[in-house]
Amino acid sequence: MDKLSILQQRISHRIEQTKTQIHESHNRGYIDSVLIEIDTLNWVLN
């Protein structure tokens, strides 16, 4: 596996981990920060 593939897998894994942190009972500020992190990771991945 090349370095790019490994990086893509790690970013994808981090996105999945981050998505599991969101729960509707969390406060809106926390949810927004998690969504920003997911958006940023998706941007890097693409």
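I began with Glu37, which at 27% relative accessibility counts as partly exposed (buried is under 20% relative accessible area, exposed over 50%, partly exposed in between, with a 1.4 Å probe and protein chains only). The model is predicted, with local features needing pLDDT of at least 70, side-chain atom pairs counting only at pLDDT 80 or more, and totals for chains, interfaces and linings using all residues. Residues are numbered from 1 along each chain as its sequence is written, and side-chain values use heavy atoms, with hydrogens and water left out.

I looked up the partner of Glu37 and found Arg14, in a salt bridge of 2.7 Å, N to O (a side-chain nitrogen of Lys or Arg within 4 Å of a carboxyl oxygen of Asp or Glu). The pair links distant parts of the chain, 23 residues apart, with Glu37 in helix α2 and Arg14 in helix α1 (helices are DSSP runs of H or I, at least four residues, numbered from the N terminus). Arg14 is partly exposed, at 31%.

I counted two salt bridges in the structure. Asp32 and Arg28 form one of them, at 3.1 Å, N to O. Both lie in α2, four residues apart, about one turn of the helix. Asp32 is partly exposed at 31%, while Arg28 is exposed at 54%.

Next I checked Met1, in the segment before α1. Met1 has 75% relative accessibility and therefore counts as exposed. Leaving out residues up to four places away in sequence, Met1 touches Ile6 and Gln9 (contact means heavy atoms within 4.5 Å). From Met1 to Lys19 I noted 26 Å, C-alpha to C-alpha, across 18 residues of sequence.

Conventions:
Helices (H or I, at least four residues) and strands (E, at least two) are DSSP runs, numbered from the N terminus.
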